Amino acid sequence: MEAMKEAVDLSLREMRETFASGRTRSVKWRKTQLKAIIEMVKDNEEKMCDVLFQDLGKHSTEAFRDELGFVMRSAATALNSLDKWVVPRKSNLPLLFYPATGKVISEPYGTVLVLSSWNFPISLSLDPMIGAISAGNTVLLKASELSPNASAFLAKTIPSYLDNKAIKVIEGGPDVATILLQHQWDKIFFTGSPRIGKIIMAAAAEHLTPVTLELGGKCPTIIDHHSVSKDIMSIVKRISGGKWGSCSGQACISVDYVLVEQSFASSLIEMFKPVIKSFFGENPKESGCVARIVTKKHFQRLSRLLNDPRVQASIVYGGSMDEEKLYVEPTILLNPPLDSEIMNEEIFGPVLPIITLRDIQESIGFIKSKPKPLAIYAFTKDEKLKTRILSETSSGSVTFNDVMIQYMCDALPFGGVGESGMGRYHGKYSFECFSHEKAIMEGSLAIDLEPRYPPWNNFKLTFIRLAFCEAYFKLVLLMLGLKR
Amino acid sequence: MEEIVDQSLREMRETFASGRTRSVKWRKTQLEAIIEMVKDNEDKMCDVLFQDLGKHSTEAFRDELGFVMRSATTALNCLDKWVVPKKSDLPLLFYPSTGKVISEPYGTVLVLSSWNFPISLSLDPMIGAISAGNTVLLKASELSPNASAFLAKTIPSYLDNKAIKVIEGGPDVATILLKHQWDKIFFTGSPKIGKIIMAAAAEHLTPVTLELGGKCPTIVDHHSVSKDMKSVAKRISGGKWGSCSGQACISVDYVLVEKSYASTLIEMLKPMIRSFFGENPKESGCLSRIVTKKHFQRLARLLNDPGVQASIVYGGSMDEEKLYIEPTILLDPPLDSEIMNEEIFGPILPIITLRDIQESIGFIKSKPKPLAIYAFTKDENLKTRILSETSSGSVTFNDVMIQYMCDALPFGGVGESGIGRYHGKYSFECFSHEKAIMEGSLAMDLEARYPPWNSFKLTFLRLAFREAYFKLVLFMLGLKK
């Protein structure tokens, strides 16, 4: 541990020196790093698919879609947009301040700490780093020890592509994180559970370090079958893709559970079964397209959730588990008890509860009874229901008639609210996430207004009153002595 | 007190859940009521500010009453624009999906304000919270008890008191408040308390905006502004002594100037002080007093350091009974003295001399990031160095304090001077959650989205990510492998 403490001290010192040198502020430097990230992913596609298979059993196509391609696209966006992002923004000052001018410039915070999660260990590490770098910061990444192959790959490969006096990688678990959090960072970016998010924020408070926390929650999916009956096949496909097609449901924006009217529940379930089979064949375990559960501990958590007798009784599809292979079959539940654990914590696994309601309008109240999730999904064409969802619920985001896809769209801010997080990133929001926006005012010494200074008198008070009302005409009259 | 807080919060949550505060009409009604409240009670407000801080009514109007009315007016005039959803341009790949971002109130907001501008630092954040559609609970500072009592008594008769509440009290009440879960906390005060607030907020994952303090340096580059030195001296004096006797987060804390010019500068500041406050500032009525005995004693301790005493070149007299400290100038107090290592927050102005004004950059960087940096210079190189080599909430060239009045500019700190910002539209954003909305389409279904995976789907995804649409079309037509 002492060696680790020293390594951290040294890294931070070097990062601060590098930042102080001004090197990371140059747009040229930032672009060079971004290009290097793209190159690193291109050069190492196979290796990266390997480590993602080793850590999570991800199919290489899933790995490409969710991690490698995603990262390259994010870096390309930053590269193409950076010149625009760094331009100072002119502020229109009221006439009163004439001839003073104002603008806002984006300035890097300095030293950034990125703590990423194990489920998308490549993209959740590199994407925040892309943001931090494009904003001109130095970055230290600690990837998750629960995805050790990905973490080791990043630790070994990043230094040979990126400026290693500015961008560093440390491996390790909670003990390393604790050491890191004792230091003062200029910004901390964390992806993970709400429980750890609280610890991160409390540690950041010691140094008044701003934080972005990308946390989780139970992302509900409303199916208003009345208004989307023609498209139910697409809907089932999208939900299935969202639940089982991306890291086996171990994603912060996964479909956690479905809300549907009682009358439609069995039709819905019967439509899921063939879709799951079409995705994964008769034996999903052998399909190579279902990611595995990350560790034995996580597997045991999921099996505990499932082994609740009342939850067991609600299984209508799947349910088989293989602890040795860390495999949980795509599973559907119909109305597990609402007070069961599985309905009160983020599932983060390939188990899909379907909760029935008498009337789909009740979905609003149901969602509101739980903590604010990262995303709400709703399949509906009913404009009234959409409006109710938007105005009566709160979540990081809302997606109608699709799932997960908002993550891929970097024109939209990605982040949570309440227990699902604070702050946001993606696209330009990433640049802003890692920038301090500094207000600059260029005053003028040309004019000096006496009413600004004591001693106070009625004239000055009247002047100030009129100035506040921006009653310029009256102000002129006052100064000409034509107004009292 | 615990019960009162419980009840208040419960009522605020019910009110928020009812949806009433989301209506633009409701928000505008509250904003109009704030303006009315200030208009109706100008005299009374000037009274309490005089009682709590000895502020002259013109200073009170400029820094608090007029400021609040203007802030509420801006919000009133702009609200219709601010609430409009922002359309996001989605890449062609997502066609025909559309996206937008809507601003949604957080819900229940806690505003903890400071004693130095007890009216504006309470009402201005409230204006932001209300314009964003939240319910708000204000706890003003017990160190400005008359202002706090005034707000507690008067706000309920102007504003919707099921949504907007005021509680009085000190750290013990704050502790109770912080145990609860708020959807947003807005705090103005010292870094030390800011840390406590943020740590408490962490328990509930509550986002915070912290408007803290710091030592705001003022660089005087006499070479490039020699013609305007009188204005420079006036503005510095106004910034130091003309607003709450230096007890402001954006006060000029200390001046940096080249050694060769120091005495000239001091000789220009002296008549300025006399012109502002006369021969006997204590009797001028234009100089605020120190807020409490405890604060007075802190300042007295800073000044009574022998090394600091020896550096007094103007002023220095104190009257504990009247909580009065004379406008005081120091020349090169020891850099390791307390007064040079904590935010002064009083009417004492250290002048620190340097051999070369360029050294001001390094000097500023050796201290925590301040809320504002002021620099009187027309030297573009020096300006560039200041902007790119230092960090602060804001930088103002050739003036002081005035960035606070300009609500087109974000007002907030960085590092020890704070987190987040407000004023104008930034206030609206400060108290809003920006929710991304994507409207997907069920019209098209791309097989390539779903397992089982194969080379075709992988190639499709590759091309899609690169937005190589033409190639994508060729590919789908079977004309590309």
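This briefing describes the domain layout of chain A, the interface of chains A and B, and selected local features. The model is predicted. Chain A is divided into domain 1 (1-215 + 425-437), domain 2 (220-414) and domain 3 (450-480). Between chain B and chain A, about 8600 Å² is buried, and 14 salt bridges are found across that interface.

**Domains 1 and 2 of chain A**

- The C-alpha centres of domain 1 and domain 2 of chain A are separated by 31 Å.
- Contact between these two domains of chain A involves 25 residues of domain 1 and 23 residues of domain 2.
- The area that domain 1 and domain 2 of chain A bury between them is about 2100 Å², with 53% of it on carbon and sulfur atoms.
- On the side of domain 1 of chain A that touches domain 2 of chain A, at least two residues each are supplied by α3 (45-56), α4 (60-85), α5 (123-134) and α16 (428-433) of chain A.
- Helix α4(A) gives the most to that side of domain 1, with six residues.
- By class, the residues on that side of domain 1 of chain A are nine nonpolar, eight polar and eight charged.

**Interface of chain B and chain A**

- The size of an interface is often expressed as the accessible area lost when the parts come together.
- Of the area of about 8600 Å² buried between chain B and chain A, carbon and sulfur atoms give 62%.
- In chain B, the residues that lose the most area to chain A are B:Leu205, B:Leu442 and B:Phe465, which together account for 11% of what that side buries.
- The contact draws 104 residues from chain B and 103 residues from chain A.
- A salt bridge links A:Lys386 and B:Glu439, with 2.8 Å between the closest N and O atoms.
- Between chain B and chain A, 44 residue pairs are in polar contact, both residues being at pLDDT 80 or more.
- The side of chain B that touches chain A comprises 50 nonpolar, 26 polar and 28 charged residues.

**Strand pairing between the chains**

- Strand β18 (residues 435-442) of chain A pairs with strand β16 (residues 394-397) of chain B in the parallel sense, over four bridges.
- A:Glu442 stands opposite B:Phe397, a residue in β16(B).

**Surroundings of B:His56**

- B:His56 is located in the loop between α3 (42-53) and α4 (57-82) of chain B.
- The side chain of B:His56 reaches the backbone nitrogen of B:Thr58 at 2.9 Å.
- With residues up to four places away in sequence left out, B:His56 touches A:Trp456, B:Gly285 and B:Cys286.

**Backbone geometry**

- Most residues other than glycine have a negative phi, and most peptide bonds are trans.
- A:Pro454 and A:Pro455 are joined by a cis peptide bond with omega about 0 degrees; A:Pro455 is in the loop between β18 and α17 (458-468) of chain A.
- In chain B, the peptide bond from B:Tyr95 to B:Pro96 is cis, with omega near 0 degrees, and B:Pro96 lies in the loop between β1 (86-88) and β2 (98-105) of chain B.
- A:Leu208 has a positive phi of about 55 degrees although it is not a glycine; A:Leu208 is placed in the loop between α8 (194-205) and β7 (211-214) of chain A.

Key: Residues numbered from 1 in each chain as written. Chains lettered and ligands numbered in written order. Predicted model: local features only at pLDDT ≥ 70, side-chain atom pairs only at ≥ 80, totals over all residues. Heavy atoms only, no water. Domains from an automatic or database assignment. Contact = heavy atoms within 4.5 Å. Buried area = accessible area lost by both parts, 1.4 Å probe. Nonpolar A, V, L, I, M, F, W, Y, C, P; charged D, E, K, R; others polar. Salt bridge = Lys/Arg side-chain N within 4 Å of Asp/Glu carboxyl O. Polar contact = N/O pair within 3.5 Å; in protein donor to acceptor, adjacent residues only side chain to side chain. Pairing = 2+ DSSP bridges.
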